[in-house]
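Let's take a friendly walk through this model, from its sheet to its cores and its charged pairs. Please keep the 3D view open as you read.

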Amino acid sequence: MMSVLERVTIGFRCPMDWDAMAGDERERFCSKCQKTVTDLSQMSREEAEAFVEEAGALGQACVRLRRDAEGRLVTQGCGSKAVNERQIRKVVLGAAAAGSLGLAACSGSSVQDDPPLVGMICLPEEGK
């Protein structure tokens, strides 16, 4: 059975800027739509699954989500390797560009360079 996190999509993509919203790294308040936006990448996998299952049943939640290159939803703990690979790649590329190292860039990074999505969640029925 596919995890609820692998089925979650953004049904309506919000044009509002996450960085302009008031709040912390986990939740921010959108003054335009008057809703709390929850960043799933700041939750553990278990917390994110519970949140999506409850919110999906209600159909009311706004979330910020990030996926890795394989399409998996990034949550606390599972995304740390991807972030570390990205940081290492930046250091290696920066050093190579400065001429101090002749190393090739790391390959196989699991980080997707697309920006995080913000909007209303949508849970398609499993198998569709």
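In which sense do β3 and strand β4 pair, and over how many bridges? The two strands pair in the antiparallel sense, over 4 bridges. Here, two strands count as paired if DSSP finds at least two bridges between them.

## Ground rules

This is a predicted model, in which local features need pLDDT of at least 70 and side-chain atom pairs count only at pLDDT 80 or more, while totals for chains, interfaces and linings use all residues. Residues are numbered from 1 along each chain as its sequence is written, and side-chain values use heavy atoms, with hydrogens and water left out.

## The chain as a whole

The protein chain has 3 helices and 6 strands, which follow one another along the sequence in the pattern α-β-β-β-β-α-β-α-β. These elements are DSSP runs, numbered from the N terminus: helices are H or I runs of at least four residues, and strands are E runs of at least two.

Of the chain's 128 residues, 33% count as buried. Buried means under 20% relative accessible area, exposed means over 50%, and partly exposed lies in between (1.4 Å probe, protein chains only). The accessible surface comes to about 7,900 Å², with 54% of it belonging to carbon and sulfur atoms; areas come from the Shrake-Rupley method with a 1.4 Å probe, and for residues only the protein chains shown count as cover. Among contacts (heavy atoms within 4.5 Å) between residues at least 6 apart in sequence, 68% join residues at least 24 apart.

## The sheet and its hairpins

The 6 strands form an open sheet with mixed pairing, in the order β1-β6-β5-β4-β3-β2. Its edge strands are β1 (9-13) and β2, each of which pairs on one side only.

Strand β2 (residues 22-23) pairs with β3 in the antiparallel sense over 2 bridges, and the two form a hairpin with 3 residues between them. The bridge partner of A22 in β3 is F29. F29 also stands opposite T36 in β4. Strand β4 covers residues 35-39, and in the hairpin of β3 and β4, with 4 residues between the strands, Q34 takes a positive phi near 60°.

Which residues of β3 lie on its covered face, and which on its uncovered one? In this strand (residues 27-30), R28 and C30 make up the covered face, whereas E27 and F29 make up the uncovered one. In a regular strand, side chains alternate between the two faces of the sheet.

## Two nonpolar cores

A nonpolar core is a set of buried Ala, Val, Leu, Ile, Met, Phe, Trp, Tyr and Cys residues joined through side-chain atoms within 4.5 Å. The largest one here has 14 residues, of which L40, V52, L65 and I121 touch the most other members. Helix α1 (4-7), helix α2 (45-58) and strand β5 (62-65) each supply at least two residues of this core, and α2 gives the most, with 3 residues. Apart from this core lies another, of 8 residues, among them W18, M21, V37 and C62.

Leaving aside neighbours within four places in sequence, I121 is in contact with V8, T9, G11, V52, A55, G56, A61 and V63.

## Charged pairs

Side chains of opposite charge can pair when their charged atoms come close. The whole structure has 8 salt bridges, each being a side-chain nitrogen of Lys or Arg within 4 Å of a carboxyl oxygen of Asp or Glu. In one of them, R28 pairs with E25, with the closest N and O atoms 2.9 Å apart. R28 is buried, at 8% relative accessible area, while E25 is partly exposed at 47%.

R26 forms a salt bridge with E47, with the closest N and O atoms 3.4 Å apart. R26 lies in the loop between β2 and β3 and E47 in helix α2, so this pair ties together parts that are 21 residues apart in sequence. R26 is partly exposed at 31% relative accessibility, and E47 is partly exposed at 37%.

Within helix α2, R45 and E49 are 4 residues apart, which separates them by about one helical turn. Their salt bridge brings the closest N and O atoms to 3.8 Å. R45 is partly exposed at 26% relative accessibility, and E49 is partly exposed at 24%. E6, R45 and E49 are linked in a network of salt bridges.
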